[in-house]
Amino acid sequence: LARIEGAPAGIKGISLFVVPKYRLNPDGSAGESNNVLTGGIEHKLGIKGQATATLNYGEHGECHGWLLGEPNRGLSCMFQLMNEARIHTGLQAISQAACAYHCAVDYCRQRTQGREVTSKDPSSPQVPIIEHGDVRRMLLTQKAYIEGVSAVLLYCSYLGDREIISDSAEEKANCHALREILTPVCKAYSSDVAFESINLAMQCYGGSGYVEEYPIAQLLRDNRVFSIDEGTNNVQAMDLLGRKVAVEAGAYFRAYLAEVGKTLADAKKHPGLADLTSRVSEAMEELTQVTMHLGQIGFGGDHTLYISFATPYLRLFSQLTVSWQLLWQAEIAEAALAAATVPEERTYYESKLATARFYIHTILPTGHALAKTILETERIALDFKAEWF
């Protein structure tokens with residue numbers, strides 16, 4: 001990304017260039033050096049198997065770049081890649097979290113320590129730590145994050161496919177709107193909760209998780225970058241609230257609410273899911289209220305205050321999104337469970353239902369505090385003077 005001489009100021013003056021290491025000869029073979037040199041290898045917290053370098057252009061002679069696309073439209077060209085990369089970043093993050101979770105489950109089944117809290121006999125055998133309530137809560141939190149976020153990622157990938165192959169202009173537009181508004185969730189919430197999940201996996205291991213003989217330490221280090229890659233999660237939050245929610249007078253947001261509403265309407269046909277349906281419905285109403293409140297602030301001209309709530313808003317939005325996807329899964333699981341005859345199938349569907357209940361009953365309600373903070377229009381951080389730090 002670079003500016004052509006005389007280009008407009010700001011992002012509207014950025015162009016995209018291909019800058020090869022070697023210039024090509026007419027026959028396609030590598031020619032003379034294009035003076036693209038490695039200035040140094042960066043020393044990172046994690047992902048050390050992937051070298052990250054500082055590149056210097058033209059320090060020892062001419063460096064040629066070839067314009068890709070139209071002049072001054074470099075960012076729009078790049079974002080064709082960037083949006084895909086953001087979804088892929090979330091996928092990488094949650095994949096590592098899934099790895100850590102499965103390692104933690106295996107460890108907790110084998111590691112014996114302590115006894116049942118009701119046991120008074122010190123000579124009784126110790127139990128696997130997976131029998132302890134707090135360990136199960138940590139494992140279930142990981143499971144809920146992984147399955148919920150994976151569902152969002154798969155749904156967005158599906159939307160991308162539908163947008164390409166559909167013959168309906170209306171469906172294409174709807175898929176595009178949904179994918180656009182959900183991309184910050186895919187990247188930011190996925191990477192945030194993936195790191196939280198791996199942190200819980202390390203806690204399940206206890207001291208063993210902190211040493212390099214076990215895999216969790218490396219997973220924790222490597223995972224930390226995903227909340228920074230492809231635009232930090234703070235930038236993702238500003239993209240969601242500052243652009244995606246507001247675009248086309250809220251068209252993307254309305255498309256999102258319509259899809260959540262369809263799932264809620266279907267879920268109401270399942271009496272066994274009434275508690276989950278009501279909780280997700282309340283969360284959707286709360287998000288709508290918060291969005292309207294912030295819209296009034298934005299339309300009132302206080303854009304700094306408006307965008308200052310971007311990060312808590314993204315968390316609130318993401319928790320509803322994951323709850324929506326898990327409710328959708330719960331509908332399918334309940335219907336399949338009624339017809340299941342094989343024990344392994346019943347176990348799988350029962351697990352799906354219990355995981356959805358856990359997230360919607362214990363994680364989704366944490367959004368109420370975020371909503372309350374936003375609705376109270378708390379601005380302490382904005383008013384905090386720089387010298388007070």
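**Ground rules.** I note that this is a predicted model, in which local features need pLDDT of at least 70 and side-chain atom pairs count only at pLDDT 80 or more, while totals for chains, interfaces and linings use all residues. Residues are numbered from 1 along each chain as its sequence is written, and side-chain values use heavy atoms, with hydrogens and water left out.

**Entry 1, cavity.** I looked for cavities, meaning sets of points on a 1 Å grid over the protein atoms alone where a 1.4 Å probe fits but cannot get out, with points joined across faces, edges and corners and the volume taken as the space filled by probe spheres set on them. I found 1 cavity of 30 Å³ or more, and the largest cavity holds about 50 Å³ of space.

I then listed its lining, the residues with an atom within 4 Å of a point: A283, E286, L316, Q319, L320, L364, G367 and H368. Helix 7 (274–299), helix 9 (310–339) and helix 11 (367–375) each supply at least two of the lining residues, and helix 9 gives the most, with 3 residues. Helices here are DSSP runs (H or I, at least four residues), numbered from the N terminus. By class I have 4 nonpolar, 3 polar and 1 charged residues in this lining, where Ala and Leu count as nonpolar, Glu as charged, and Gly as polar.

I counted a salt bridge wherever a side-chain nitrogen of Lys or Arg lies within 4 Å of a carboxyl oxygen of Asp or Glu, and the count came to 18.

I looked up E259 and K262, whose closest N and O atoms are 3.0 Å apart in a salt bridge; the two are separated by about one helical turn, because they are 3 residues apart in helix 6 (residues 247–267). I recorded E259 as buried at 14% relative accessibility and K262 as partly exposed at 48%; buried means under 20% relative accessible area, exposed over 50%, and partly exposed in between (1.4 Å probe, protein chains only).

I next took D302 and R379, which form a salt bridge with the closest N and O atoms 3.5 Å apart. This pair links distant parts of the chain, 77 residues apart, with D302 in the loop between helix 7 and helix 8 (303–308) and R379 in the loop between helix 11 and helix 12 (380–383).

Last, I noted that K372 and E376 meet in a salt bridge at 2.6 Å, N to O.

Methods: 1 Å grid on protein atoms, 1.4 Å probe; cavity = no way out; pocket = protein on both sides within 12 Å on 5 of 7 lines; lining within 4 Å.
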